[in-house]
Structure formats: structure tokens, C-alpha cells
Amino acid sequence: MSLFNLDREKCISCGQCVEICASNLLVMKDTEYPVMREGMEGRCLKCGHCEAICPGGAIDIEYEGAGAVPDVSGVKGEIGYEQFAKLAFSRRSLRNFKSRAIEREKLEKLFEIARYAPTGVNIQSESWIVINDREKVEKIVDAIIGWAKAVTENPPNEMMKGLCEHLIAAREAGKDPICRTAPCLIVAYDRVENTFAQINSVIALAQMDLAAQTLGLGTCWGGFVQIAASASPQVAKFIGIPEGFAPQYALMAGYPNIEFKRIPKRNTARVIWK
Ligand SMILES: Cc1cc2nc3c(=O)[nH]c(=O)nc-3n(C[C@H](O)[C@H](O)[C@H](O)COP(=O)(O)O)c2cc1C
Ligand code: SF4
Ligand code: SF4
């Protein structure tokens with residue numbers, strides 16, 4: 001099997017695959033059927049847009065490691081703006097979670113969403129660590145507090161000193177100022193040298209964040225987890241980030257212990273219309 005495979009029986013010569021290829025790798029041969037231009041295989045992003053646009057299902061892009069997803073083509077129109085807006089407006093950062101872990105099936109559903117998030121040059125290189133156990137999350141919280149204590153001894157600036165002192169005091173008062181009582185911590189990591197690493201991970205997390213709400217879960221972004229794990233190799237190692245990789249961002253999740261009754265105010269969008 002080659003990279004670009006065509007079932008000529010199914011091809012109706014519409015040329016849509018040629019049009020859609022952002023890397024301009026396809027041409028119509030004798031105006032009849034598409035072929036990949038000579039020597040261009042290495043430039044294929046494997047984005048699958050040609051496959052996805054083909055009306056006859058004539059194209060099969062070879063894809064090692066691909067996993068099947070349900071065929072939901074055409075459902076996009078069924079999700080109205082109102083529905084989506086309701087979801088987006090009502091997502092809140094949750095800081096009061098039930099302690100029970102999240103069912104594995106629900107987490108797997110979130111990773112199905114993550115797989116389909118856009119990535120620069122379709123690299124899909126982000127990997128994940130899931131700590132789905134409140135006791136283990138607490139240990140990470142304490143490791144981060146340990147890092148914060150070390151920072152206060154030799155602070156890079158006054159702001160970090162104040163921040164770390166605040167975290168330590170909150171922890172000593174029996175609170176969880178880092179993971180906010182969440183039973184589940186999802187951490188994205190990627191190779192240190194990948195230029196798109198953080199943006200790809202954050203986009204995937206943002207989509208998982210919204211999807212989590214539809215599964216009855218609440219979430220909170222783990223800013224302090226990210227700060228500590230990027231600054232401290234010990235914290236990164238404790239979380240389980242492998243050698244040669246760096247943490248890219250974290251999201252806490254779990255079942256809500258509280259319910260927001262209203263949508264709070266936000267700034268209006270600052271847009272320059274031209
Ligand atoms: C990048 C990022 C990092 C964040 N880090 C934390 C954090 O470490 N702890 C926390 O409690 N909330 C954190 N938040 C949540 C923000 O405080 C929250 O999104 C903001 O106050 C708006 O509230 P809302 O999410 O309920 O709309 C973070 C949010 C983002 C986007
Ligand atoms: S989109 Fe499909 S049917 Fe149209 S030219 Fe390409 S392969 Fe043929
Ligand atoms: S808006 Fe309310 S909840 Fe938010 S920080 Fe201010 S006082 Fe606290």
C-alpha cells in the first residue's frame with residue numbers, strides 16, 4: 001500500500017481532492033483521476049482532507065497508528081450556535097470537587113476529542129499523563145508546595161516570592177491551592193524541541209475542557225501545576241514526565257460539589273474591524 005491510495009471505480013473525477021490539498025500535492029491525471037505528484041509523499045501532512053472531501057470515498061491515505069472513530073459526518077449542522085454558546089458560556093473554573101475518581105470510559109471519551117484537535121503541521125505529538133486518584137493528586141500538590149518552599153528561600157523576584165508564600169500558607173491551612181480538590185489531573189507533555197508543543201497541547205486541552213462539561217464533569221486549568229512542573233525537574237519527574245519531554249499544560253477535572261446558578265460578566269470583545 002502506498003501513501004495515497006485511490007479506488008478508481010469510486011472516483012467521479014470531480015477534482016475536489018486536488019482543490020482541497022493545502023500542500024498542493026495532488027494533480028488530476030488526464031483530467032480523470034487524482035495522483036500524488038512525483039516525489040511529494042514526504043510533504044504529505046496526512047491531514048486526510050482529500051479523504052474527507054471525496055464524495056465517493058475513493059481515497060485511502062495510509063495511516064499507521066490510526067484509530068477508528070464513529071462516522072459522524074454531517075452532524076455538524078445539528079449543533080446550533082445557541083447550544084454551543086450555552087456550553088461555552090456556562091463552563092466555569094471549578095474549585096470544589098467531589099473526591100471520587102472519574103470513570104475510565106469518560107476519560108477515554110475526552111482523549112477521543114483530544115485526538116481530533118488541530119495541531120501544527122498535523123504533528124499530533126502531544127502525550128498525556130492522567131492521575132485519576134485524589135490521594136495521588138494530593139502527593140503532587142505536596143511536591144509542588146515543596147518546590148514553592150525552595151523558591152521562597154531563593155526567589156527570582158518579589159512576585160514569585162509572594163505567590164509561593166501564599167500557596168504555602170493556604171496548604172498549611174489545610175487547603176489545596178494547587179489542584180483545587182480535584183481527584184483527577186490531566187497533564188499534556190511533548191518533546192522539548194517541538195515548536196508547536198504548547199499551543200497544540202493547549203488547544204487539545206481546551207476542547208477536552210468543553211467536552212468534559214457535557215459529561216457532567218467540572219474542570220480547572222492547572223496554572224500552578226504548569227509553572228512548577230516547568231520550573232522544577234523534580235516536580236516534572238514526580239508527575240511522570242519522561243526524560244527529553246516537557247510539561248505543556250495541565251487540567252484538573254472531577255465531579256462538581258457546587259453548581260453555578262448564573263453566568264458571570266465578562267469584558268466585551270476588543271476587535272478591530274477592518
Ligand atoms: C492558562 C490558565 C491557567 C489557570 N490557572 C489556574 C490555577 O492554577 N488555579 C486556578 O484556580 N485557576 C486557574 N485558572 C482559571 C482562571 O482563573 C479562570 O479561567 C478565570 O478566573 C475565569 O473564570 P472562569 O474559567 O470560571 O470563566 C487558569 C486559567 C487559565 C486559562
Ligand atoms: S474527490 Fe474523490 S471523486 Fe473527486 S476527484 Fe478526488 S478522488 Fe475522485
Ligand atoms: S468576582 Fe467574586 S468570586 Fe470572583 S474573585 Fe471577585 S469576589 Fe471572588
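How far does a backbone N or O atom of F224 lie from an oxygen atom of ligand 1, and what is that distance in Å? In this predicted model, the distance comes to 3.1 Å.

The wider surroundings of the ligand can be described next. The shell around ligand 1 includes the arginines R91, R92, R95, R180 and R266, together with S93 and Y249. It also takes in C220, W221, G222, G223 and F224. Sorted by class, this shell holds five charged, four nonpolar and three polar residues. Strand β7 (218-221) and helix α8 (223-231) each contribute at least two residues to it.

Helix α3 (residues 81-90) packs with helix α7 (residues 197-214) at an angle of about 100°, and their axes are 10 Å apart. Angles of 65 to 115 degrees count as roughly perpendicular, and α3 and α7 are therefore roughly perpendicular to each other. On the α3 side the contact is made by F84, L87 and A88, which meet L210, Q213 and T214 of α7. By class, this contact of α3 with α7 comprises four nonpolar and two polar residues, with no charged residues.

Key: Residues are numbered from 1 along each chain as its sequence is written. Chains are lettered from A and ligands numbered from 1 in the order in which they are written. This is a predicted model: local features need pLDDT of at least 70, side-chain atom pairs count only at pLDDT 80 or more; totals for chains, interfaces and linings use all residues. Side-chain values use heavy atoms; hydrogens and water are left out. Axes are lines fitted to C-alpha atoms, for helices over the stretch in contact, and angles run from 0 to 180 degrees between N-to-C directions. Helices (H or I, at least four residues) and strands (E, at least two) are DSSP runs, numbered from the N terminus. Angles under 35 degrees count as roughly parallel, over 145 as roughly antiparallel, 65 to 115 as roughly perpendicular and the rest as oblique. Contact means heavy atoms within 4.5 Å. Ala, Val, Leu, Ile, Met, Phe, Trp, Tyr, Cys and Pro count as nonpolar, Asp, Glu, Lys and Arg as charged, and the others, Gly among them, as polar. A residue is near a molecule or strand if one of its heavy atoms lies within 4 Å of it. A polar contact is a pair of N or O atoms within 3.5 Å; within protein, one must be able to donate a hydrogen and the other to accept it, and residues adjacent in sequence count only if both atoms are side-chain atoms.
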